[in-house]
Structure formats: C-alpha cells, structure tokens
Amino acid sequence: MAPTNSDKQHEVDWATWLSPDQHGPIAPPGWQELELRERQEDLQELTWFLSILDRRLQLYREAFPSEPFERELAAAFRQELDRLRQQVNRYMREPEACEIRDYLAVKYRIRTVYKQLGAVLEGSGWQAPAEQPGARPASDPTVEAGYIQREHGTYMRSYGSDYVKSYEADMARAFYPMSADCESRSVRFVTSSGMSALALALSAYRKHTGGWLPTYVQRGFYGEGVDLAQLLLQESTSRPQLVDADQIHALVEQGKAIGCLLVEPGLTWPVEPPVDLDRLMAQLERHPQTEPLYVIVDRTLTGIANPLFERYGDRLPPHIVLISVESGIKYYEYGLDLMSAGYIVATGKALKEPAAADAWVALLGLLNAGADPAMVRQLPVPDADRLQARLGRLNRNAWLVQSFLRHMQDQGFVWRADTSVHPSHAYQMGGMPWIGAVFYIQLREGMTEAAYQAWIDRLISEAPEELHLTAGGSFGFDTFRFNTVTDGSGTRNALRMSVGRDPIVQLLGKLRVLHRALTSELAADPSD
C-alpha cells in the first residue's frame, strides 16, 4: 500500500485509507519514511533560499556606504538569517517536528526577508538616466546613481536595467531551452505581469504586420486574454474570432491565410478541448503562407513541462514567429507570491536582424510592460533542477488527488473533475505526465456559484487548523487553495482546487478531511 517512485505511485487503496476504522495520522512504515524524506527535501529548498540571501547580503555590504545605519542594518539582516538557518537545521535533524504549518512559518519569514533585502539593494537606484561613471567619486553622497546601479544614460522603463537583462538571460537558459540558431533569432523579456507579456506579443503582431490577416483565438484561452486581444486588435482589418481547437487545426491544415493564432494547450474554466501542440506544429511546418504568422502560446498551465522552442523552434518555416507568454507568479516563485511577473520569449527568422529585436524593445518601453528592477531583484534565481524537483512533487500530489477524485466520482459524491492539463506524453514532469496542479470540480450538475462558495467557507472553517487549507485564487502555492470559478453567463460553475506541495502523509491527511466534507452535509447545496 506504500507509494513508490514508479508511474503507479498515485494508486492508493482509497476504500481502506478512507475507512472510518483508519483513525488518526497513522500510516504504514513505508509512508512514514517517505514523509520524513520529503520534509527534508522541502527544507533543502529553504536552505537554497538562505544561500541566495547570504550572497545578496554580501553584495549589500560591499556596495553600500560603511555608515552606522548601513552597518546596523546589515547586522540585523545577518542576525535574522542566522536565526532562520538554525531553525531550518533543527528541522533537518528532526523532520518529525516540522509539520506543514511549522514549515510555512519559517518559509514565509524567509519570504519577508527576501523581499526586504531585495528592496534595499535596489532602493538607491535612479529611474532617470544616471550620471556617467567617473563624473563624481563613488563616495560622493550627491552622486545621482544607485550604489549597485551599473547602467547609465537610460531610463529604467526603457529597458535600461543591466540586472534585468542578466536575469532574463538566466531565465531563458533555465526555463526555455533552445538551439544556438534559435537563440540567435529570439527575444526574451520579464514583464510586469502575464497580461503585459500578452499585450506585448499582440502589439508586436499588430505593429510589425499591420494585422490585416485573420486572427483566431482558441476557445478556452484565458478569459481576460481573449478580452485583451479583442481590445488591442479591434481596429484591425479582421477582428479576433473565437474558434474551437479543432477549427484551428482545420484552418492550418487547409492552408488558410492567417495572421495570428492564440492557443492554449492547458485547460482553463470553462473547460474546452485544448489544442494539440504536436499536431498543430506539424501542420504549421506544411503551411504554405509567405506573410508573417504569429503563433502565441499561453504556457502558464503547462510551464516547463512544455519545452516549446527546444521541440519546435527549428522546425517551423520562416514566415512563422513562435511566441510563448506566461504568468511568472504561479509556478516560478516557489509558492512565495513575491511579485507580479510575466515571461515572454519569441523566436523566428523575422527576428534575426538586430533592428527587429530593437523594435520589440521599443514596444516594451512604449507599453511600460517591462519589470521594475526593484521587483526583479526579489525573484528567485532561475534554477531548472530546483524548479523541476518542486513541480515533480506538485505533479505527484496532483496524480494522487486525481485518483482520489475518481474514487469520489465512483462513490457518487463528485459529478465531474477535470485536471488543468490532459495527461499526455508531450508534457512530462518527475517521470510522469504533467497534469498541472489545478482541478475544476463540480459536485453536482447545476450547482450555483454561491453554493460552491458556501461549501468552501464551511470547509475552511471546520477543517483542523493544522492542515492549513486556504480559501483563495491562483495556484502553484505550497498550500491547498480553494475558490469558485464561473463562466460569463453564470451557468457553468465549479470549485477550483489548487494542489499544494505537502509530503505524502500530510497530503493524504488532507484528503481524509476533504473526503469527510464531500460525504457529509457540507456537500449539500444551501440553495436546495
């Protein structure tokens, strides 16, 4: 009954585990051993964050004045980091003492220090063009440049920060692998949000092509993204048309003239069939058009399990510009919700010339879409292995939750449950197909949004506090989060559940509580 590291580790004898005779947190020895190992793995993530803070504190000491205030502030940071490291080390020695709330208490304190130190480092920077180096001695307190500011003669909003550019390079290497040739004809930016990334992509399409060919938006694309496309392209020759994924495949297969495609390989709410990226890219390889075709893929739900450019970047014909846009706040910030951020990467033969990349930079500044250096300084260091380990845990937990929900469907307590990514060989994470960390759950057909919200409120209020269930939107956090989702008409409603990174026994303890909620009067619709 103990899980393994095989593809079947998400199989659990739910009838036995959820039986009323199975009391308390007691689990077979195999589970308990895995639980403690996973707690230590989670604590290693905190050690990694503390090592980043050590380096940033050293940078602060080296770059800022050696005045009493700065020395005292550095000493205060050092004292707090030492205290947090002692706490993490104690839990590493005694993982049985580190329950989820204990872990979160330390992690969220690290989050606070992470944000504070990042803000201090960038706090002396100037937004306007800084003085040329050497104009005044660096020790002169009237120098109009930040203590760690390397760039000069440019506005920060006009893509002037060298630190932001270096972060973007690290981000692209870690999360967007591609060939050297593909990289030579690409641009990549960190933006102020995922929506800003999409706005930049749509504006680039309109600016560089005139937007006179048809634009098609896949039904099921993120709702606000559809609204944004219709807003920015409303005066184009052809306004965006909302079509099914099958229609997109048919249009490309038939060789129809197309200016821009907006596609979603994951599943948003309300759930619609997703585009098959493998099939679409194979069709685009044969597409006979000579005019530019911009293909915008929202990678927020599929994330690094979807290596777009490594897989397709060198295969597409010269008229196609392949663009990935995604929210950076979900899976890339390790559940810390550090800042609103978006990522955009684009590649195509049209971007080979430096002037083409400069045109994107000009648009970035015009839209004020770039990320503020003070905020980027608060982002985690891009680390592909570290992120894969974290997402592997989320994925393992998601498979267990899916198995649990299927059991509840078989028992008649859940009407329908959908993952945010269909299981597929195309998206892999942790040795298993990546299904995302989000579920859309319908308890009964026709249940109202108000009834789902009442269900969530009662679940949160009646669940044991130590489980740390949370009512709130978004996803990719360490914790289980619950919120309602609805379509534009209010007729299609669901409970959205975001899976956390809990170790195995704590995860199954949460599912026991969820089982009681689903099988008790909590599942009753208050409107009935």
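**A walk through the predicted model**

Seven strands make up an open sheet, running in the order S1-S7-S6-S5-S4-S2-S3 with mixed pairing. The edges belong to strand S1 (186-191) and strand S3 (241-243). Each of these has a single partner strand, so one side of each lacks a neighbour in the sheet. From one strand to the next, the twist averages 15°. The model is a predicted one.

Strands in a sheet pair through backbone hydrogen bonds, in either a parallel or an antiparallel sense. Take strand S4 (residues 260-263) and strand S5 (residues 293-298). They pair in the parallel sense, over four bridges. Val 263 has Val 297 in S5 as its bridge partner. Helix H9 (residues 245-253) packs on this sheet. Helix H9 touches strand S2 (215-218), S3 and S4. The direction of H9 makes about 150° with that of S4.

Next, the cysteines. How many disulfides does the structure hold? The count is zero. A disulfide is a covalent bond between the sulfur atoms of two cysteines. Here a cut-off matters: the two sulfur atoms must lie within 2.5 Å. For Cys 182, the closest cysteine sulfur is in Cys 260, 18 Å away, so the pair is too far apart for a bond. Seen from Cys 260, the closest cysteine sulfur is that of Cys 182. Buried or exposed? Cys 182 is buried, with a relative accessible area of 0%. Cys 260 also counts as buried, at 0% relative accessibility.

Now turn to helix H16 (residues 504-519), where Leu 507 is found. Leu 507 has 0% relative accessibility and therefore counts as buried. Which residues does Leu 507 touch, leaving out those up to four places away in sequence? They are Asn 397, Leu 400, Val 401, Phe 480 and Asp 502. Asn 397 lies 110 residues from Leu 507 along the chain, yet their C-alpha atoms are separated by 7.4 Å.

The last stop is a loop. Ser 124 sits between helix H4 (100-122) and helix H5 (162-175). At 18% relative accessibility, Ser 124 counts as buried, because the limit for that class is under 20%. The side chain of Ser 124 reaches the backbone nitrogen of Tyr 147 at 2.9 Å. Tyr 147 is also among the residues that Ser 124 touches, with those up to four places away in sequence not counted.

Notes:
Residues numbered from 1 in each chain as written. Predicted model: local features only at pLDDT ≥ 70, side-chain atom pairs only at ≥ 80, totals over all residues. Heavy atoms only, no water. Buried < 20%, exposed > 50% of the residue type's maximum accessible area, 1.4 Å probe, protein only. Pairing = 2+ DSSP bridges. Helix = DSSP H or I, 4+ residues; strand = E, 2+ residues; numbered from the N terminus. Axes fitted to C-alpha atoms, helices over the stretch in contact; angles between N-to-C directions. Contact = heavy atoms within 4.5 Å. Polar contact = N/O pair within 3.5 Å; in protein donor to acceptor, adjacent residues only side chain to side chain.
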